[in-house]
Amino acid sequence: YEDPWAFRPERWTPAFRESLPNFAYFPFGGGPRRCVGDRFARLEARLALATIAREWRTRPRHDLSFEPSITLRPEGPVEMRVERRD
C-alpha cells in the first residue's frame, strides 16, 4: 500500500475496499497464513475478562428494548455502567 503508516481515511473508497484481498484487515489473518497464536490469544482474552468480571459488574444505563431477528439484539446502543463488586 502506498504510504501505509499515514492516516488517510479518503483512501477507503468503495473501489479500494473491493480490491483488498480476503483477510487483509482481519485479526489473526486467515487461510494458510493464519496466526499460530490466535487460539492462545482468544483464551488469554477470555481469562482476562473473567478476572476483571470477578471484581467489576456492568449494568445498563437505561432499560433495553430488543429487536427480534434471527438472533435477539438490542434496538440501539447499549450504554453500560461499571461498578465495583461488593
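The model is predicted, so to speak of local features a pLDDT of at least 70 is needed, side-chain atom pairs count only at pLDDT 80 or more, and totals for chains, interfaces and linings use all residues. Residues are numbered from 1 along each chain as its sequence is written, and side-chain values use heavy atoms, with hydrogens and water left out.

A search of the whole structure turns up three of them, a salt bridge being a side-chain nitrogen of Lys or Arg within 4 Å of a carboxyl oxygen of Asp or Glu. One joins Arg 34 to Asp 38, with the closest N and O atoms 2.6 Å apart.

Another bridge pairs Arg 84 with Glu 55, the closest N and O atoms being 3.3 Å apart. Arg 84 belongs to strand β4 (residues 80–84) and Glu 55 to helix α2 (residues 38–55), so this pair ties together parts that are 29 residues apart in sequence. Helices (H or I, at least four residues) and strands (E, at least two) are DSSP runs, numbered from the N terminus. Glu 55 is partly exposed, its relative accessible area being 42%.

The side chains of Arg 59 and Glu 83 also meet in a salt bridge, at 3.4 Å from N to O. Arg 59 is in strand β1 (residues 56–60) and Glu 83 in strand β4, so parts 24 residues apart in sequence get tied together by this pair. Arg 59 counts as partly exposed at 39% relative accessibility, and so does Glu 83 at 24%.

Then there is Arg 11, in the segment before α1. Arg 11 is buried yet has no salt bridge, and the nearest side chain of opposite charge, that of Asp 3, is 5.6 Å away. For charge, Lys and Arg count as positive and Asp and Glu as negative, while His and the chain ends are not counted. What does the side chain of Arg 11 reach at 3.2 Å? The backbone oxygen of Asp 3 is reached at that distance, and the backbone oxygen of Glu 2 lies 3.2 Å from a polar atom of the Arg 11 side chain. Leaving aside neighbours within four places in sequence, Arg 11 is in contact (heavy atoms within 4.5 Å) with residues including Pro 4, Ala 6 and Phe 16.

Asp 3 is itself in the segment before α1 (14–19). Its phi is near 50 degrees, a positive value in a residue other than glycine, and Asp 3 is partly exposed at 43% relative accessibility.

On the surface, Leu 64, Phe 66, Leu 72, Val 78 and Met 80 form a nonpolar patch with about 430 Å² of accessible area together. Patches are made of residues with over 30% relative accessible area and no salt bridge, like charges being joined within 9 Å and nonpolar side chains (Val, Leu, Ile, Met, Phe, Trp, Tyr) within 5 Å. Accessible areas come from the Shrake-Rupley method with a 1.4 Å probe; for residues, only the protein chains shown count as cover. Phe 66 is found in strand β2 (residues 66–68) and is partly exposed at 43%.

Definitions and conventions: Buried means under 20% relative accessible area, exposed over 50%, partly exposed in between (1.4 Å probe, protein chains only). A polar contact is a pair of N or O atoms within 3.5 Å; within protein, one must be able to donate a hydrogen and the other to accept it, and residues adjacent in sequence count only if both atoms are side-chain atoms.
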